[in-house]
Amino acid sequence: MASSDLNCSICLSLYTDPVSLRCGHNFCCSCIVSVLDAQEAAGGYSCPVCRVEYRVRPAPEKKRKLRNRVERFSSSQPDMEETRTFCAYCTKSSVPAVKSCLQCENTFCSDHLTAHNKTMDHILIDPTRSFDNKKCSLHKKVLEYYCLQDAACLCVSCCLIGEHQGHLVELLDVASEKKRKKMKEYPNKLNAEKEDIQKEVQYLQDDKRKIQEKASNKRKNISKIFMDIKKQVEMAEKKVLSEVSRQEEKIVSQISDLIQKLKIEEDELSRKMCHVEEMCRVTDPIRLLQESDITVCSLGDGGEVSSEEDLDEVLISLTLHRSMRDIVTNVTSELGVHVPDILLDVDTAHECVKVSEDLKTAMGSDNKQERSESPGRFVDCSQVLSRCGLSSGRHYWEVEWDQKGECSVGLSYSNIERKGDKSGVGYNDKSWSLDMYNEEYNVWHNSNILPLSVKPTCPTLGVFLDYEAGRLSFYELCDPIRHLHTFTASFTEPLHVVFSLEVGASVTIRS
């Protein structure tokens, strides 16, 4: 059926060569011409739709766009003559069929169907022009049964002598009715599934909204932090520049005083030189001898007058360093993150683990270290713990791996076994670790290994611990920073940093 806006209001069919009057209403060209011709005989013209009157006969305007729409619509519609089924016995005119007979393979209008039913008791179906799918392709007989075992439509021969002999079958009408009843149940199930999907979509939309709100708030907080950083940097700049100016002013003042002193001495020397020259011109020996001798003092005799002062660059650098340190401290405090000062505990280090003097670096060695006995020392695994444990709060620190051998970085309770197979980090329920080796990352906990899909690209790692939330996360500090893995657990004891190293590998805690 055509869209109503493509039908002429006079003939009620699709527009043929559409035109429009000045009032805007559209018609077939031949339809409106006929109307206007009839109105001309009556002595007046008006639109058949809105009844707007015209003093003179209106000239219809062609509607090219409307004609193109009609053509596109017509080309997209099937030919009714080709799709409709007509009675096979109405040869003088095309009369729509009401039924088709499977045995006769003919279609009938209501009149011819009555005559057919009086003489034959055949199977009738809705009008169709194709009977091939209604009959058995093997026996060419009408499909009347349904095989429940093979889910196939059968003729009587298929049931009696065919490959479906002995199978459980039903009449097509019975089987189709059962399937119809079964299909009527589908909407309820589908509606339930649809409701579940809608709920899931709603949950996801809520999550999406929450993430967007959280990201928006986070952007605001970060912008505020950077505004504060800018202010603190400006204050730090003023503080350091002020220190430079203070030192400059002090030293310049001292130098100016020395210059003034030297100028006074220079003037005194000039005066003495003039007096000497004058006395040299005196001819009276008595006067010359009675004149007192002129005292000449060198710079070294009368005291230090030179300046050895210089800018205290160490003090300036310390002022700058302290200001920047305060900025970092304020930022980490604003973020609620503590940067712990982690030191390694030599008393826990395996005899093949070297520990640096600053207690920040551990290295796997094939030479045993001479150390005193300690009950906390690892015996079977080349490992070392940190001195202090973390029992609350949010903490962040960084470690650097030399990428020269296998190394594990993680956290552990202090009561981890010191000997045996269960003493290795990640091989028990008291430790969590990230294992690094050549081109692969693995995470370990309670002897369960999870290979990570990413490969090492950077030697520096960031470790974040949120004790109360039970989150331990590892990050690779490449550009951009990449999240590697997050452990989730309910921590019940203080956590110590733990390193496990093979021979040649080393790891350093970055300050």
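Which residue stands opposite Val463 in β20? Trp397 does, and I shall build this presentation around that strand.

Good morning, colleagues. Please note that this is a predicted model, in which local features need pLDDT of at least 70, side-chain atom pairs count only at pLDDT 80 or more, and totals for chains, interfaces and linings use all residues. Residues are numbered from 1 along each chain as its sequence is written, and side-chain values use heavy atoms, with hydrogens and water left out.

Let me begin with confidence. The chain has an average pLDDT of 86 (the predictor's confidence in each residue, from 0 to 100), and 93% of the residues score at least 70. Confidence is lowest in helix α3, residues 80–83, with a mean of 47; it is highest in strand β14, residues 383–385, at 97. Helices (H or I, at least four residues) and strands (E, at least two) are DSSP runs, numbered from the N terminus.

I turn now to strand β20, residues 460–466. Seven of its seven residues are buried, so the strand is largely enclosed by the rest of the structure. Buried here means under 20% relative accessible area, exposed over 50%, and partly exposed in between, with a 1.4 Å probe and protein chains only. In a regular strand the side chains alternate between the two faces of the sheet. In β20 both faces are covered: Leu461, Val463 and Leu465 are buried on one side, and Thr460, Gly462, Phe464 and Asp466 on the other.

What are the partners of this strand? Two strands pair if DSSP finds at least two bridges between them. β20 pairs with strand β15, residues 394–401, in the antiparallel sense over seven bridges. With strand β21, residues 471–476, β20 pairs in the antiparallel sense over six bridges. Asp466 has Arg471 of β21 as its bridge partner. Four residues lie between β20 and β21 in this hairpin, and Gly470 in the turn has a positive phi of about 70 degrees.

Next, a single residue. His496 belongs to strand β23, residues 495–501, and is buried, with a relative accessible area of 11%. Leaving aside residues up to four places away in sequence, His496 touches several others, including Leu385, Arg387, Cys388 and Leu411; contact means heavy atoms within 4.5 Å.

Finally, helix α8, residues 313–335. Among its buried residues are Ile316, Thr319, Ser323 and Ile327, and what covers the buried residues of α8 includes α6, residues 172–280. Gly336, with a positive phi near 70 degrees, follows α8.
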